[in-house]
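Keep the 3D view open as you read.

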Amino acid sequence: MSKNSLTKTKEPIYLDNASSSPIDISVINEMLPFLTDFYGNPSSLHGLGRKSNLAVSKARRQISKLIGSRSNEIYFTSGGTESNNLALIGSARLICNLKPTCKRILISKIEHDSIIETIKFIEKDMGFEIDYVPIEKDGSIDLDIFREMVSTKTGLISIMLANNEIGTIQPIRDMVEIAKAKNNETIFHSDAVQALGKIPINVNDLKIDMMTISSHKINGPKGIGALFIKQGIHIKPIIFGGGQEMNLRSGTENVIAIVGFGKACEIWKEKLASVQIKIKGLQKYMIDRIINEIPGSVLNGSMENRIFNNVNFSFSGINGEDLLIKLDEYGIEASTGSACSSNKKQKASHVLKALGLTYDQISGSIRFSIGYQNTQEELKIAIDALKNLIKEFRKINGNSFA
Ligand SMILES: Cc1ncc(COP(=O)(O)O)c(C=O)c1O
C-alpha cells in the first residue's frame, strides 16, 4: 500500500474514548495528594484515616449527584466488570434464598461480555433459566416483544442503558414499568457504563433498582467503578472480608482512584450540557462526511437514539482489523467493537450479529468514539485518512467501489 497520500500525525489522534478515556488534569490534581501525603486507611480512626474516609464520602456525594441517587446508594467496586458481576450474582444469591420460584433472568442479546459471561455462570452453576430479548435492526428493543418475554417468574432483568459498540440508547424507564407491572419484586439492573456522562441520568426517573458505572470511560482513573443499589434492595456479597462498603464489598477502598472517580463525575456534571453540544457537532460532521464521501458505507445503530460520542460504520469489502492497523500506523486510534474483548480477536461481534448484519458487514466494521479533547481538525485528518485507505484497500482487492 502506498504511503504517498498519507503522513503519520505528530500526536496520536485518539478516537477510542469508549474503550478508555484520557484522565482529566483536574482529576489528576485531585488524586495526587492521596498518592503522596494522605495514605491512611479509611477504616482507621486516626487523623490520616479520617482524612481518607472523608475523601471517600465526598466522592460518593459527587457520583450520586451525577446520577440523582442518595450517596449511601453508591457501592465502590474495581470497575464496570465487577459491578456487573456483583449486581447479577448478588441478586441471583438473593433470589435463591428468598424467591426460589423466580429463577428466570432476562437480558438483551447485545449486553457487554461482563454481563453475558456472568449470566452463563449463573445459568450453569446456580440453575437459573435465561431469556434473551432480541434486537431490532437499529439496535433497539421492541417493547411489545419485551412485554411478552417478562413473566411472573422473572426474578432479575439486566438491560444496558447504552450499547458500547453501536451506542444505541434503550427505553429503560418504559421497560422497568412493564416489568414491575408484571411482578413488582423483579429486580431491574442496567449497565450504564457507556451512558454515564453521555446522557443525563436520574436513577429515580428511570425507576431502576441497580445501575453499573465505571470511571475510566469518563476521564477518570482505571480500576474503579460503582454499583448504584436502591435503598431497600439487599443483594448478597460476592467478595468477603472486612465488611467495607456497607458489608457488600470487602477490601480496603482504593482511595486514590475513588477520589479521581468522584472528581471526574463532578466535572461531567458541570460540563455535560456544553460537551454534549460540542461532541454532537463532531459526531454529525463525521457521520455526514463518511456517508457522503465513502461509497458502500453503512452506519450501524440508530441515528436518533444514539449516545453523542459513538460512530460505528461497516464498509463493504473491507476488513475492519486491517483498516484499524493501517489507521494506527498513521496515528489514528479507533476500535473494532469492544476493546474489553479484544483478546478474542477472531470472534465476530455478538452485537453486530444480533443486528442481523452479514459477515461482510461485520468484518468491515469500525468504531470511532469521540472525547471532549477531540477537535474538528483531528476528525478531518482521520476521515481523510479513512477515505484514502479504504480506496486503496478496495483497489488492491478489486472491489467494485474502488
Ligand atoms: C457497556 C460496558 N459494560 C461494562 C464494561 C466493563 O467496564 P470496566 O472496563 O470498568 O470493567 C465496559 C467496558 O468497555 C462496557 O463498555
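## Helix packing and the ligand site

The crossing of helix 9 and helix 12 is right-handed. Please keep in mind that this is a predicted model. To find the pair, look for residues 320–329, which form helix 9, and residues 376–397, which form helix 12; their axes come within 11 Å and cross at roughly 130 degrees. That angle makes helix 9 oblique to helix 12, because an angle has to be over 145 degrees to count as roughly antiparallel.

Now zoom in on the side of helix 9 that touches its partner. Asp-322, Leu-323, Lys-326 and Leu-327 of helix 9 meet Ala-385, Leu-386, Leu-389, Ile-390 and Phe-393 of helix 12. Sorted by class, this contact has 7 nonpolar and 2 charged residues, with no polar ones.

Stay with helix 12 and turn to another of its neighbours, helix 8. The axes of helix 8 and helix 12 come within 10 Å and cross at roughly 20 degrees. Helix 8 is therefore roughly parallel to helix 12. Here, too, the crossing is right-handed. On the helix 8 side, the contact is made by Leu-282, Tyr-285, Met-286, Arg-289, Ile-290 and Glu-293, and on the helix 12 side by Gln-376, Leu-379, Lys-380, Ile-383, Asp-384, Leu-386 and Lys-387. The class count for this contact is 7 nonpolar, 1 polar and 5 charged residues.

From helix 1, Ser-26, Val-27, Glu-30, Met-31, Phe-34 and Leu-35 take part, and among their partners in helix 8 are Val-255, Val-259, Lys-263 and Ile-267. This contact has 10 nonpolar, 2 polar and 2 charged residues.

Finally, let's visit the ligand. Which of the 15 residues around the ligand come nearest? They are Thr-81, Asp-191, Gln-194, Ser-214 and Lys-217. In the side chain of Thr-81, an N or O atom is 2.7 Å from an oxygen atom of the ligand. Ser-214 has a polar side-chain atom 2.7 Å from a ligand oxygen atom. Asp-191 faces a nitrogen atom of the ligand instead, with an N or O atom of its side chain 2.6 Å away.

Terms used: Residues are numbered from 1 along each chain as its sequence is written. This is a predicted model: local features need pLDDT of at least 70, side-chain atom pairs count only at pLDDT 80 or more; totals for chains, interfaces and linings use all residues. Side-chain values use heavy atoms; hydrogens and water are left out. Axes are lines fitted to C-alpha atoms, for helices over the stretch in contact, and angles run from 0 to 180 degrees between N-to-C directions. Helices (H or I, at least four residues) and strands (E, at least two) are DSSP runs, numbered from the N terminus. Angles under 35 degrees count as roughly parallel, over 145 as roughly antiparallel, 65 to 115 as roughly perpendicular and the rest as oblique. A crossing is left-handed if the near helix is turned anticlockwise from the far one by less than a right angle, and right-handed if clockwise. Contact means heavy atoms within 4.5 Å. Ala, Val, Leu, Ile, Met, Phe, Trp, Tyr, Cys and Pro count as nonpolar, Asp, Glu, Lys and Arg as charged, and the others, Gly among them, as polar. A residue is near a molecule or strand if one of its heavy atoms lies within 4 Å of it. A polar contact is a pair of N or O atoms within 3.5 Å; within protein, one must be able to donate a hydrogen and the other to accept it, and residues adjacent in sequence count only if both atoms are side-chain atoms.
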